[in-house]
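Open the model in your viewer and keep the selection panel at hand.

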Amino acid sequence: MKYCFRLVGLSLFFQIFSCSPKEPQQKKQPNIIVILADDLGYGDIKAFNPDGKIVTPHLDQLASEGMMFTDAHTPSAVCTPTRYGLITGRYNWRSTLKSGVLTGNSTALIPSDRSTIASILKDQGYHTAFIGKWHLGWNWATVDGVPLTADGWGPRDFDNIDFAAPVSQTPNDLGFDYAYGHAGSLDMAPYVYVENGQVTAIPDTVTVNKGHYSWWREGPTSPDFDHERVTPNFFERSIAYIQDQAKEEKPFFLYLALPSPHTPILPPAEWQGKSGLAPFADFMMMIDDYVGQLNSAIKEAGIEENTLIIFTSDNGGSPAAGLDVMQAAGHYSSYIYRGHKADIFEGGHRVPFIAKWPAMIKAGTSRNETICLTDLMATGAELSGYELKDDEGEDSYSMVSLFDADNKVDQFREALVSHSINGSFAIRQGDWKLIMAKGSGGWSAPKPNTPEEADLPEVQLYDLASDPGETTNVYAENEEKVASLKALLIKYIKEGRSTPGAQQQNDKVEGEWKQIGFVD
């Protein structure tokens, strides 16, 4: 018997990673599928919110067939920085993006020499694919050869793009063998698909939608780009990819990055009104149905046993989805948590997280350890037998030890750092959460730089064990806890990492990094 990989426990050792010379190592590596929803709140899946009003039978089934993580978090409360953390295993604020999000014509945020979950899996023999919403920037060719400078929010900001020329610094340059998707959010122009660095159809029209929920910004649109069909298209292509790869010897990694249920909220006719709640809920029911189709395709392809499926979201629910309308009907997208997308409060970054892997994960189980989407990098590394270097996955902890429901884990991570849309920080250790901001750092009250925030204390401290809704700031009576958490956050910032290893450097940025004014 030859033992092929570094192991976490005896259960994992004998079930998955032991192999004889007649059994190639690559056959024992699991297929890995990560489905990332967009603006899906913790309470928008019935399995996580028993009182939720959105019917999600297929996601509930996925949860019953696998493991639910009830304390899962995104590294940021908005999409671009979260996607950066998922792909690199590194907190987004270590990059040049200190706040906000990118647009459809932003240049590449991730340099080609940085390792990603795709690049390490590819090195370990995986076929790797990205399908969906990228939103991490790539470099469009331009008509006059001058790089784009417009910010991407205006309808004329794309006039200089040469859509016939190859696109550079795409997902293909970051470890993906196959890449198909669009540049930004589905409400951000340009509305074109890029497949392996080439636009699939030259834009021939300009579209705009001004509907209350269905809106998208004005911009160039390709003839093969139908906003309503984008999410179905991504699912259908992903299912076809899975069916094709199931016939191959090597394992595969699929990153299916959905642009939904983010705006524009576009449930097709057959789903409109089905929820009896709101268009967002109709849209979510459609996504749930497609997840069911994908799960069935895996089973029918005969690869269910050794395929790890992860379903999660990039941040909390968005007010643009009509959270107030659904709340009036008794549906709470953030469940019991305060805030929503963009906020430093729990509702901004606590998300549903499901992992199914029959060969390793016992059905119907759950974990309450604090995990982060940055952890997918180290998890993929361990599952594929790759040892991360000091400058790879600096904020990533492998979740493999958690997949065995019977494995008692005393401490999974030392602490978690969260980030809001305006670049505000929070650090969580155990049940204690320290927020280095007066208010939400985002879109809910008290909003940054408003009169209602002005007279509030400089920091917020919450005991999430007794106060999960973050209603009572207890900083004044816990000065030592505030000091210790602040010191740990400063240490993480200065050392360029939050995992054990050699000190690293955060990416340099022009001007002042105002959000870390609390650092000595």
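Select helix 6 (residues 230-245) and helix 7 (residues 279-300): they pack at an angle of about 10°, with axes 9 Å apart. Helices here are DSSP runs of H or I with at least four residues, and strands are E runs of at least two, numbered from the N terminus. Axes are lines fitted to C-alpha atoms, for helices over the stretch in contact, and angles run from 0 to 180 degrees between N-to-C directions. Contact means heavy atoms within 4.5 Å. Show the contact side chains, including Phe-235 and Ile-239 of helix 6 and Tyr-290 and Leu-294 of helix 7.

This is a predicted model; local features need pLDDT of at least 70, side-chain atom pairs count only at pLDDT 80 or more, and totals for chains, interfaces and linings use all residues. Residues are numbered from 1 along each chain as its sequence is written, and side-chain values use heavy atoms, without hydrogens and water.

Next, select helix 4 (residues 79-88), where 10 of 10 residues are buried (under 20% relative accessible area, with a 1.4 Å probe and protein chains only). Its buried residues pack against elements including strand 3 (31-37) and helix 10 (375-384). Just after helix 4, Gly-89 has a positive phi of about 70°.

Finally, select Lys-433 and Glu-470, whose side chains form a salt bridge at 2.9 Å, N to O (a side-chain nitrogen of Lys or Arg within 4 Å of a carboxyl oxygen of Asp or Glu). Lys-433 lies in strand 18 (residues 432-435), 37 residues apart from Glu-470. Both Lys-433 and Glu-470 are buried.

Technical notes
Buried < 20%, exposed > 50% of the residue type's maximum accessible area, 1.4 Å probe, protein only.
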